[in-house]
Amino acid sequence: MPSPVAQPSLSNRLSLSLGILSTGIVLVVTAMVFLFLTWRVGVQMEERSESTIAFLSRSLETPFWTLDKDSAVAVAQATVMNPAVGLLELRDGRGETWFVHDGGGKLFILREADVRYEGQVIGHIRLGLDESDRIRTVTSIGLAGGGIALFIIGVQYFLAARLLRRYFRGPFGALDALVGAYARGAYDVPPPDVEYAEFVPLRRTFLGMGRTIERQMAQLRESEERYRAIFDNSPVGIFRTTFEGALLEGNPALARMFGYVDQYEFLASDDANVQSVYADPASRRHFLQTVLQSDRPVSIETAFVRKDGTAFEAVLTASVQRDDGGRPFLLNGVVEDVSARKEAERSLARERQLMAAIFESVPGLLFLYDSHGRLVRWNRAHEVMTGYSSQEISGRTLFDWFVGPRENVSRVVDALRRGKKDGAATVEAEMTAKDGRRIPMLFSGVGVDVDGELFLTGIGIDITERKEVEERLRQSEEKFSRLFRLSPDAIVLLDLDHGRIVDVNEAFSRVAGYSWEEAVGRTASDLLLYGRPGDRDALRQAVRERDLVENVDFALGRKDGSVVACVLSAQRVQLEGRECVLCVLRDVTELKRMQDMMIQTEKMISVGGIAAGVAHEINNPLGIIMVTSQNLAQRTRPDFPKNIEVARGIGLDMNLLDQYMRARGLYGFIENIQQAALRAADIIRHMLDFSRRSESKRRVCDLRAIIERSLFLAESDYDLKKNYDFRKIRIVWESDSGPHLVNCTETEIEQVFLNLLRNSAQAMALARPEIAEPSITIRLSAHDGRVAAQVEDNGPGMPPDVQRRAFEPFFTTKPPGVGTGLGLSVSYFIITRSHDGCMSLESAPGRGAKFTIDLPALGQEQTREEACAQLS
């Protein structure tokens, strides 16, 4: 069988010309240039990364040292504006991230450097250059090399075309017809005939391509149907517009979003130019500028306007589509209505703001501890109350707050156990502040499970005031109990229904004579406490009608059968659910005695007033007596010229008259009248001074003169004269050279010494056996800025029990009607309180009594306590 005829090979004919040109020029030259330039680009990017990271280290040294985060971020933002920077990360010395930029692309170079200041690491820089920049550069180089190669190939084609045209025209024409049929959609054309064997694979390839195109067209139609379904049914608006803003295509969701029935109504409306649907036209201009600067889709949040004029918020995402000249001519993108989401975010933000306000406004401290017991959330009150800053308080454990007594920590531990068992617990414990203060707190906490981790949250309230109130209440109750027990007034608590005594104080036992055990549980009637018949029923009725009875006269029966005059006040009170009556009884025996004495005092005041009036009335005739006696003595003188002249005129011999006056003792009578008048005038003057003692003022006085005046008043005292003659008492003076000047109220000091002289005279007059030679010794001395006076008698003296009570008001040993018991107490008050002096008593039975009075001398400022300490 003859072998087939071999078809001519086109490759053999072109191998010489195409092999030399293609291999020699395109492969060798282009490959070497491309490899060299690619290496050079890598070296340049290495150098750029080193210079950039060195520049950042120098630029960020000051911001990192001064913690100027804003300046550091500004430098970083300026750096990342270079599209070659794909990654830039700044961290301070503590590892805290200040700035991060990650372009998301593949990095070609990654460099890290520390920022140092004076040898100390204060920051860290991490820089990465984007692979895309190198790829673009290499691609540019490749394109340039490809262009050169294409140029060479074009030249080669031009040269070879003439040679190859005759060989390729037929086969290529057949293949061209085949491709044309495919382009018209005719995929069932017969395979074309080819002249050369090299075109057989090409024909086979074109036939396979036809089948592939036919299959892909079917898939494309199917894909278009799917795309249309997605386009029409998408919940977000999908659009295509011209770069100038004319709406070319939009889906139904976009139309509904803007208030139209469907996309066709939207496309036919005035809003088909999308510039009018922006609430702020400037936002569209800004968006277009951003899109033009990015080769990726760009998203912004902006406000749009619906057909009815209402606005809504949406997220616009679009990318620019450019024409063959690189000019933007289309915008493809989506619009998502986020009004509901934004409103939800605003509502959530308001809720968070409200919760934060509530969180911060709670008067107590709020806390949140994690499962490890570390504090992870707290309010401002927590910092204020404990004194720790937010940095100091972060991460503190639960038991860091509770130190001190073991029982304090034990209460907290027990509360945690209860909370773990029951889910919630409350405890009172003392929380330790930064300054060491232990603050009483009331904690209430609950356990919360968040994503499988248990947290403890709750509130702590400062109960310092409550504790203080409780302590004051306890002290008040203790004070009330102490007041009840130690009150000087008798207090009785009675059951109102049965009249039984519930409680009594010690004063009741002293006044009534019944002990607590004898009184409690028995009725007042059993103890015969009602001294007058009918008091019980009257008291019960008054308490039931008015709840309160005040200052009622009451006769209290004592255990010994005697009756004590009291003033009773009673009030109905609730005590442990039962009606009780609280009765306060005050012994007014001494008060009544004082009232009697006050009445007597008023009488004495009245007598003093009468005495003053009488003294004034006596002064008038006394003055006439004194003047008349003076004139009588003057006009009977024999040597007085006027007397001689008048006597000669009437024939009277003055010498004989003088002899007669002397013989009859008339001159003595006249002198006696004058002396008696002067003595009466002195007595009246002392009476007036004494009756006007309340009007006396302090002045400088000689203490001896005051004592002498007191002696004169004592000698003139009618009461003393009535029972004994004061002038029979021998007065002995013992005095140093003085001076004895004091600043005092003269009449008050005069009254003190008059009281002492009266007491001495009365004591010696009443002594049994009688004192043969009664005497009073008055001593006067000046020493150490003080003036001391002593009044000592040789009377019967005083026993120790009388001495102890000598200066008590109303205490007296004299018979009724003789003494009031006020003389020494008033004298003691005048000396110690009114004149800053001291007064003391020394006595013994049968050895008399000596009263010592010590007063500050004129111009001396020694305190009474110092003087009395020296005196004692």
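In what order do the strands of the open sheet of 5 strands stand? I read it as β16-β15-β19-β18-β17, with antiparallel pairing. I took strands as DSSP runs of E of at least two residues and helices as runs of H or I of at least four, numbered from the N terminus; two strands pair if DSSP finds at least two bridges between them.

Ground rules. I am working on a predicted model, where local features need pLDDT of at least 70 and side-chain atom pairs count only at pLDDT 80 or more, while totals for chains, interfaces and linings use all residues. Residues are numbered from 1 along each chain as its sequence is written, and side-chain values use heavy atoms, with hydrogens and water left out.

I looked up β15 (residues 490-495) and found 3 bridges in its antiparallel pairing with β16. L494 has I501 in β16 as its bridge partner.

I used axes fitted to C-alpha atoms, for helices over the stretch in contact, with angles from 0 to 180 degrees between N-to-C directions; contact means heavy atoms within 4.5 Å. Helix α13 (residues 464-486) lies across β15, β16 and β19 (578-587), at about 90° to β16. Helix α16 (residues 535-546) lies across β17, β18 (563-575) and β19, at about 165° to β17.

I counted a core as buried Ala, Val, Leu, Ile, Met, Phe, Trp, Tyr and Cys residues joined through side-chain atoms within 4.5 Å, buried being under 20% relative accessible area with a 1.4 Å probe, protein chains only. The largest has 39 residues, of which L703, I749, F753 and L756 touch the most other members. Helix α23 (746-766) is among the elements that supply at least two residues, and α23 gives the most, with 8. I checked I749: leaving aside residues up to four places away in sequence, I749 touches L703, I706, C744, I830, I831, H835 and L855. A second, separate core of 27 residues includes V511, A542, L556 and L585.

Entry 4, the sheet of 4 strands. I read the order of this open sheet as β2-β1-β4-β3, with antiparallel pairing. Strand β1 (residues 85-92) is joined to β2 by 5 bridges, and L88 stands opposite H101 in β2.

Terms used: Buried means under 20% relative accessible area, exposed over 50%, partly exposed in between (1.4 Å probe, protein chains only).
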